[in-house]
Amino acid sequence: MKERVKRVYVIGLDGMMFPMYERFAAEGLLPNLKKLADAGIVGEAYPSMPVWTPTNWTTLATGAHTGTHSVSRWFLNLPNPKHEDKTLSAFVRPAVAAENVFEAAAKAGLKSVAIHYPAASPSQSPLAHVIDGFGHPNYGSTPFEVTPAWGYTTQDNLTNSTRVVLQPAKATQPTPQTQQASLLESAHQPPLADGSWQFLPECPAGAKPPLEFPIEIITKREGENQTLWGLVLDTQGNGYDTVAICEARDSRTELGRTSLGAWSDWIYRSFTVEGAAQAAAFRCKAIEIAPDASRLLLYRSQVMHVADFCEPPELSKSLVERFGPYLEHASVFPYVWGIADLDTCLEEIEYQCQWIARAGKFLLEEQDYALLYTHIHIFDYINHHFLPLVDPACPGYREENAAEGWRAYRESYKVADRLFGTLLADASADTAVIVVSDHAAIPQFRATDIPRLLHDNGFLAYREPLAHFDPNEDFAKIDMERTKVFITPVRNYELFVNAPEGSEEYVRIQREVITLLRSWVDAETGQCPVAVALPKYHAALMGCWGDQCGDIVYAMEDGYVSGYPGGDAAGQDPYVFKPAEYGAHHGPYLPTARTALSSNLAYLLAQGPGLKQGYQRPVERLGYVHMTSVVPLVCHLLGIEPPAQCQGVLPRDFLEGVAATADRVPDLPDWEWGTQVDGWGDRVWTQKRDMFEGFMPGYERRD
């Protein structure tokens, strides 16, 4: 085994797209990534199928194909999808039926750390440390928060927000003794029965009087909710401009304050959750304060644990003391919901990126860790919402909306680039870096209703008439006595045959449904919405097999989506229609789906000792690097054996001194040239009439 490099950073940027990287690198916006690419290898990579987030982050940690590691969807159905007893999240280690790279490193005596990485927890080795090993991208999904981010607003009907009414903050008339009361004393005084404030801050002459509103924090799990108090203040005498957050109706209990567009300091609180004290932290930002207080929008970040989010647990305290609170969820969701602006969302994403970069750099450069894996969901959030705004291939594209989309793309890619500036500052020569995404995305063109197609053709039967079938909500409404196929909850793009596997009935139903999917045509476009539909035994071509694999596995044609979002099926085709809202997707499509602007292929960059510099694989000759090759590359750099179930191969064309391609011998003897039907010359062999007749019975040659 060769001598290893000292440390390897594997930075996973969910949804990162090579065409976007090329565009922004050419604009000079990505100096750190461009420097890495120029000194290493960059290009596109082929994701595992189906092209889901948990599927590919698992492949990137195990080097195994989907069928082997078993994470074919966001959930596993156990013991199998046809006879499920339990539903298991794909974001926990027990869901993965393969050894991962952290365990392989531990066998070699190397310490590793996974930060916000799916299915890294619970750790299987004392040398495999974990910081937030759940890594789920959804809002409110992590076990390491007291409660997710929230908005407090005077507006109606904003998602994930509380409507508040601003009221004058009444105060008792302070006596000289009250004014001199200590904060400690005031904290022990009971609230005044009439709702008055025990003390209010002094305001400048001519300032508007303070206004109050409650800031209720509701614990996600059963616990003791807390109500803090917001004071809206006119600090300059020019109108309301600041919100002070107080523990009680007493300004001396102020925990932090935010002026318009500025974050408060981190606020540390203890919460009672499920009967136990939980230390947590959050901060606030005033998104909108009208000078006359006619409108207010206060954004509160995720209330995140400051302990117990790491394995080993003591790592949590040391990292928070050194780098501040860890922020698990950072996305553009608050912007989409209207409870924050885009800049605020980007600031949270940047905070998360910088925290991970600084923590990872500290552990690998100042401690004795050799391997860092992280997953940051930055670009998948951007793709889903903003790609239809910038890609003219999307039917929902409008030129007047493109500027908003391009700003989101440029600023988010710059955020990611700054991560590498922090991570690689003064990095030693024995450091290797791999930057990889799990997939990218292309825009949606059309929505489809496959359950309706199956029902109307006699394959899917319900207990009662349904206008629309949602497998997550309506699975119990399938008539299992009459249905020929069924769709299980949380499992799109595969069907299950309601007959004993391998029986004549099973094979007949399987063939009939596949024929239906392959021959189905969009009445408006004349295109088949299904790109490929395969029986289970052919699904091995897609890397899919095992107890989690459907009896029929299919992928949608570029731009066609089944299941979400819905739309109006009142047109000429009841099964294909305009979506209710255009988005961008990856899971329904083949990995090679693309438009002139966007691509579903993953991004891959590798730089380090022994790797080529300035190299881009000639895919027209060698094809794309597969996701299963990343783990062998990591193990090659570290000089360790790959995980036990690793099925990927080291991309040898990445290595210095290895020719990427081999050309044919240019000077061929005359007898090896030939274009005639009868063969390639009598000095080798001649393909005469008797060969056809001998190897193809019944063949009659006609000259």
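**Charges over rings and ring pairs**

The charged end of Arg283 is placed over the ring of Trp263, at 4.0 Å from its centre, where a charge sits over a ring if NZ of Lys or CZ of Arg is within 6 Å of the ring centre and within 35 degrees of the ring normal. Lys111 likewise lies over the face of Tyr369, 4.1 Å from the ring centre. The model is predicted, so local features need pLDDT of at least 70 and side-chain atom pairs count only at pLDDT 80 or more, while totals for chains, interfaces and linings use all residues. Residues are numbered from 1 along each chain as its sequence is written, and side-chain values use heavy atoms, with hydrogens and water left out.

Rings of Phe, Tyr and Trp (its six-membered ring) pair if their centres lie within 6.5 Å, with planes under 30 degrees apart counted as stacked, over 60 as edge-to-face and the rest as tilted. By this rule there are 31 aromatic pairs. Trp74 and Phe91 have ring centres 5.4 Å apart and planes at 45°, so their pair is tilted. Phe91 counts as buried, at 0% relative accessibility (buried means under 20% relative accessible area, exposed over 50%, partly exposed in between, with a 1.4 Å probe and protein chains only).

The rings of Phe323 and Trp355, by contrast, have centres 6.4 Å apart and planes at 75°, so that pair is edge-to-face. Phe323 is buried at 12% relative accessibility, and Trp355 is also buried, with a relative accessible area of 1%.

Finally, one aromatic cluster is formed by Phe24, Phe379, Trp406, Tyr409 and Tyr413.
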